[in-house]
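Subject: Structure for your review

Dear colleague,

Please find below the structure that I am handing over to you.

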Amino acid sequence: MLKGIAASPGIEIGKAYVLKEQKVTINRENIADNMVEKEIKRLEEAIVKSKDQLEKIKEKAERELGQDKAEIFGAHLMVLEDPVFLDEIKAKIRETRITAENAVSIVSQNYIEMFNNMEDEYLKERAADVKDVSDRIIKNILGVPIETLANISEKVIVIAKDLTPSDTAQMNKQKVLAFATDMGGRTSHTAIMARSLEIPAVVGLVDISGQAAAGDVIIVDGNKGVVYINPDEKTLKEYEKLKQDYIKYRQELKQLKDLPGETRDRARRVELSANIGTPKDVKGALENGAEGVGLYRTEFLYMDRENLPSEEEQFKAYKEVAESMAPRPIIIRTLDIGGDKKLPYLEMPDELNPFLGWRAIRMCLDRPHILKTQLRAILRASHYGNLKIMYPMVSRAEEIRKANAILEEARQELRAEGIPFDENLEVGIMVEIPSAAVIADILAKEVDFFSIGTNDLIQYTLAVDRMNEHISILYEPLHPAVLRLIKNVIDASHKAGKWTGMCGEMAGDVTAAPILLGMGLDEFSMSASSIPQVKKIIRSLSYDEAKQIAEKALSLERPEEIREMVEGVIQKLK
């Protein structure tokens, strides 16, 4: 039995199909001066071939996976067409006299490292895009055939070191029962694709590709994040029953899609929303019964380009989401960039500790023209739906006042220009810094709502870098200090007649759901696929039961005790 990361729920049993990594030999030797243009030509021919392949993959993905998932390959094509990326590779060939494949390898590795060092999980996974594209270019330069999962002829469980978006898009989805990979995380493209296809997946297994052989009997438990290789008869029988139980459970979840997020006794109703990164994510949100968007990350509008997006570009993106979700509410987070997430066209300082550095609202207040352009676009789009604005990384009241002063300037300009917008648009902040959570009573006077960003709040409160594998065990959402800060924020907002939501990963954690419900959280925003499970928990409890669970959790001293207590409650609900 191997333990990994539960990336996509479900249980499957089948024979192993081991996808072997293709060996590619890169010539690292220097080339003669008269070979430079020949290498440039090899690169350009490989780019053309790669584009042709990706366009075909994108068409297949649109037919079989839907427009939103096919956009991954739109992003890959953008990398291939990015003049900055390609010029860098050509410059590397010319300046250092190296082969085309070596130049692609070096330049892409720099980009991969940059994305890997980012804090935001959503942006961190862009490293996989760059790696997928660069591997394709290198193979095409060298004339290495690109192996695909398209020709699988029997039902199997795919075992691999890692799966690229191209691998998952080309596979025969009638034949692939589940995935199990050495690498990856919950937000990797492998995990996202698996969840969208409702295929169980366990990732981060370290060496399953080395331990499993073709034809081995494999159990993939995507609920617990475990994989069995050639299990004994007793384990096999247990999992046959668990698989049938899970199929029944999924059918029950589907029945909840159009039902409200209310407690069993109807004494408490909460809003269950989705986190999105682009307008294309709206489809998945609606399919999973989202009642709104609790976090619209706007960073992608600013990434992979050579200049700031115009007001008109932003307006169109926000308007598209506003109209497609109307009348449901959408919270748009203003630009959360800076520090670890750099934009090549903005001059940004190198910092010793970028996570605590010049980023988000801090950077935007120092560059007010960037913030005002975004606020004007949001205001204009608010005429077409139910939009709200949220400022990230706020640590004190003065930052809210300064941002709101820029917002008022934008409002006055639009009034003068005769451009309509929602005059009653709500403005809130993301509570992700402990100081903001502690002075929530002071900040509540300045805002219409709070949304708790638990990803950062937890790591700042516990002084734990969640990306550091040596201490990641200390990153504990159910730590008493974290729960007390959350309770303080909710209580302060309610006392001031305001509401509090949550848009961090904790909002989609079924173990945390009963506690957050009992504390009085008003809105839960999460990955769209997590909504049905959280809704089932909420609808299975009475409000009094949830309040008792929260009270008990706040009285316990150790995170392990809290988790054990809540898991016991959830087990009884099933």
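A salt bridge joins the side chains of D33 and R97, with 2.8 Å from N to O. Please note that the model is a predicted one. This pair links distant parts of the chain, as its two residues are 64 residues apart. D33 belongs to the loop between β3 (11-19) and α1 (36-64), and R97 to the loop between α3 (83-96) and α4 (100-116). In the whole structure, the search finds 39 salt bridges.

The sheet comes next. In general, the strands of a sheet pair through backbone hydrogen bonds, in either a parallel or an antiparallel way. Here, 8 strands make up an open sheet with mixed pairing, and their order is β1-β8-β7-β3-β4-β5-β6-β2. Which strands lie at the edges? They are β1 and β2 (5-8), each of which pairs on one side only.

At the β1 end, strand β1 (residues 2-3) is antiparallel to strand β8 (residues 226-229), and 2 bridges connect them. Within this pairing, K3 is placed opposite V226 of β8. Strand β7 (residues 217-221) also runs antiparallel to β8, and this pair is joined by 4 bridges.

Parallel pairing is found between strand β4 (residues 156-160) and strand β5 (residues 176-181), which share 5 bridges. In this pair, V158 faces F179 of β5. Helix α10 (residues 233-254) packs on the sheet, where it touches β3, β7 and β8, and its direction is at about 110° to that of β3.

In one of them, helix α18 (residues 454-462) packs against helix α19 (residues 480-495) at an angle of about 125°, and the axes are 10 Å apart. Because of this angle, α18 is oblique to α19. Their crossing is right-handed. On the α18 side, the contact involves T454, L457, I458, T461 and L462, which meet A481, V482, L485 and I486 of α19. Sorted by class, this contact comprises 7 nonpolar and 2 polar residues, with no charged ones.

In the other pair, helix α12 (residues 311-325) and helix α14 (residues 368-381) cross at roughly 35°, and their axes come within 8 Å. This crossing, too, is right-handed. Among the residues in contact are E311, E312 and F315 of α12, together with R376, I378 and R380 of α14. By class, the contact of α12 with α14 holds 6 nonpolar, 3 polar and 5 charged residues.

Finally, there are two points on the backbone. In general, most peptide bonds are trans, and most residues other than glycine have a negative phi. Where does the model show a cis peptide bond? The bond from A326 to P327 is cis, and its omega is near 5°. P327 is located in the loop between α12 and β12 (329-333). A360, which is not a glycine, has a positive phi near 50°. This residue, A360, is part of helix α13 (residues 360-366).

Yours sincerely

Technical notes. Residues are numbered from 1 along each chain as its sequence is written. This is a predicted model: local features need pLDDT of at least 70, side-chain atom pairs count only at pLDDT 80 or more; totals for chains, interfaces and linings use all residues. Side-chain values use heavy atoms; hydrogens and water are left out. Two strands pair if DSSP finds at least two bridges between them. Axes are lines fitted to C-alpha atoms, for helices over the stretch in contact, and angles run from 0 to 180 degrees between N-to-C directions. Angles under 35 degrees count as roughly parallel, over 145 as roughly antiparallel, 65 to 115 as roughly perpendicular and the rest as oblique. A crossing is left-handed if the near helix is turned anticlockwise from the far one by less than a right angle, and right-handed if clockwise. Contact means heavy atoms within 4.5 Å. Ala, Val, Leu, Ile, Met, Phe, Trp, Tyr, Cys and Pro count as nonpolar, Asp, Glu, Lys and Arg as charged, and the others, Gly among them, as polar. A salt bridge is a side-chain nitrogen of Lys or Arg within 4 Å of a carboxyl oxygen of Asp or Glu.
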